[in-house]
Amino acid sequence: MASLQTLSSTISRLNLLQRSSFNYSLTSLKLLKFYEQRIIRPARSPLSFSTLSNRSSTFKPIKMSSKDDLIVLGIETSCDDTAAAVVRGSGEILSQVVSSQADLLVQYGGVAPKMAEEAHSQAIDPVVQEALDKANLTERDLSAVAVTIGPGLSLCLRVGVQKARNIASRFNLPVVGVHHMEAHALVARLIERELQFPFLALLISGGHNLLVLAHNLGQYTQLGTTIDDAIGEAFDKTAKWLGLDLRRSGGPAVEKLALEGDSQAVKFSTPMKQHKDCNFSYAGLKTQVRLAIESRNIDATIPISSASSQDRNSRADIAASFQRVAVLHLEERCQRAIEWALKIEPSIKHLVVSGGVASNKYVRARLDQVVRKNSLQLVCPPPSLCTDNGVMVAWTGIEHFCVGRYDPPPSVIEPEDFVYDLRPRWPLGEEYAEGRSEARSLRTARIHPSLTSLIQASMQQQS
Ligand code: KG4
Ligand code: ZN
């Protein structure tokens, strides 16, 4: 029941917003706020972000001189970083603040949800305040608040959503609920203004390994995903088992050590060679790495900084060999995805590579070669925009806000026990039939309808 209510409220929200997007030209933010004050009604359902279906009949066109006038605060707390940023509709980044939970990661060897929630709760107020201060603004200057509502850890998402809605309620601001993986993809459009839909995107992070065809804003076809672990998880475990310094997360540590090693020294096999699809698997490679470490008697309790030079070389060879094969798997899948994507959308010109692992220089260089071979262009955001950040959330909020997809300000400050619309397991797009994996079908229980299906349903209701 709860999920049905959530779904219908979402559809009703997207409904109205779709309609508004085409007819409305916006004139000024002040006018927008004036409008919102006059017409927005209090939310009734605690599960819903809004009662927009009631609003549609009274919602009138708003005018605003340009998208550039928008100023949006973006909040991100889906995993282990507490991040906030203020971004203009023009794409100008006014501020960006990230508070990482590096110490906790070192202590627990990964993200522990309860600890992460606690850390977010402590960091959220100062992080948002710093983002506003650095932008030289107050909440009163904002046009909207964008916040990640999924996928991610519920306990963590909740901290960001609560903060966003609290600000929105106090300052009468619309709220845009953002899909974390869409944000990783769309931030590429902030840095590369030539990047038009449709495009292909490889999104690689600690929890996700996605190949998606972006047809339009909010409309994606999933060409491939991981059947077990994501590449970032494999980098993190490799770093941990090699006794590396995890304070900047495992990926950068493996990348750095790999520079010293021989990438052909350890013969790891490339995953899923026999599967002619675009899905990924990193669990087997992780096991291969663990076995290689054990067979060389590497003791992870001895930090790399104290290892003998022979031991260090041995660890470096494993790091380099792991990285080569992990990335080769990406290369092979991207080559196939490009072929599929060109069949579906022959006009694509770009491959976007984003998410934390896209900060890796070796990943970028290898994928650049794949892309060039296919006469496409690689778009890879700078590292600070590849790892989790508030800019990507603010920017995705701006993109959706401009087509009218947003919720009205919450009418009251919501109580501590308020049930928020959070989507811990929320696919971005519908699976491409050729890419469907039987291995994964067992894991699809209790997931939220995809962003794409919600938007499509709302568009169908319109017509
Ligand atoms: O996107 P992100 O910041 O958070 C998630 O949504 O998961 O990605 C974090 C992941 C971690 O697994 C981290 O080790 C990996 O990105 N990462 C890297 C590099 N920088 C971050 N992996 C390989 N090389 C890097 N330079
Ligand atoms: Zn991420």
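Tutor: Let us take helix α8, which comprises residues 231-241, and bear in mind throughout that the model is predicted. On the side facing α11, Ile231, Ala234, Phe235 and Thr238 of α8 meet Phe322, Gln323, Ala326 and Leu330 of α11. Sorted by class, this contact has six nonpolar and two polar residues, and no charged ones.

How are two such helices described? Two packed helices are described by the angle between their axes and the distance between the axes. Helix α11 covers residues 309-344, and its axis comes within 11 Å of the axis of α8, crossing at roughly 175°. Angles over 145 degrees count as roughly antiparallel, so α8 is roughly antiparallel to α11.

By class, the contact of α8 with α10 has four nonpolar residues, one polar residue and four charged residues.

A polar side-chain atom of aspartate 236 lies 2.6 Å from an oxygen atom of ligand 1. For serine 249, a polar side-chain atom is found 3.4 Å from a ligand oxygen atom. Aspartate 388 approaches through its backbone: an N or O atom there is 2.9 Å from an oxygen atom of the ligand. Taken alone, ligand 1 exposes 550 Å², and the protein buries 91% of that area. The elements that give two or more residues to the shell are α7 (180-191), α8 and α9 (250-258). Of these, α9 gives the most, with four residues.

Altogether, 21 residues surround ligand 1, and the closest are Gly206, Asp236, Gly251, Glu255 and Asp388. The shell is made up of four nonpolar, 14 polar and three charged residues.

Most residues other than glycine have a negative phi, and most peptide bonds are trans. In the loop between α7 and β6 (199-204) lies proline 198, and the peptide bond that joins phenylalanine 197 to proline 198 is cis, with omega near -5°. The loop between α9 and α10 holds methionine 272, whose phi is positive, near 55°, although this residue is not glycine.

Note on methods: Residues are numbered from 1 along each chain as its sequence is written. Chains are lettered from A and ligands numbered from 1 in the order in which they are written. This is a predicted model: local features need pLDDT of at least 70, side-chain atom pairs count only at pLDDT 80 or more; totals for chains, interfaces and linings use all residues. Side-chain values use heavy atoms; hydrogens and water are left out. Axes are lines fitted to C-alpha atoms, for helices over the stretch in contact, and angles run from 0 to 180 degrees between N-to-C directions. Angles under 35 degrees count as roughly parallel, over 145 as roughly antiparallel, 65 to 115 as roughly perpendicular and the rest as oblique. Contact means heavy atoms within 4.5 Å. Ala, Val, Leu, Ile, Met, Phe, Trp, Tyr, Cys and Pro count as nonpolar, Asp, Glu, Lys and Arg as charged, and the others, Gly among them, as polar. A residue is near a molecule or strand if one of its heavy atoms lies within 4 Å of it. A polar contact is a pair of N or O atoms within 3.5 Å; within protein, one must be able to donate a hydrogen and the other to accept it, and residues adjacent in sequence count only if both atoms are side-chain atoms. Accessible areas come from the Shrake-Rupley method with a 1.4 Å probe; for residues, only the protein chains shown count as cover.
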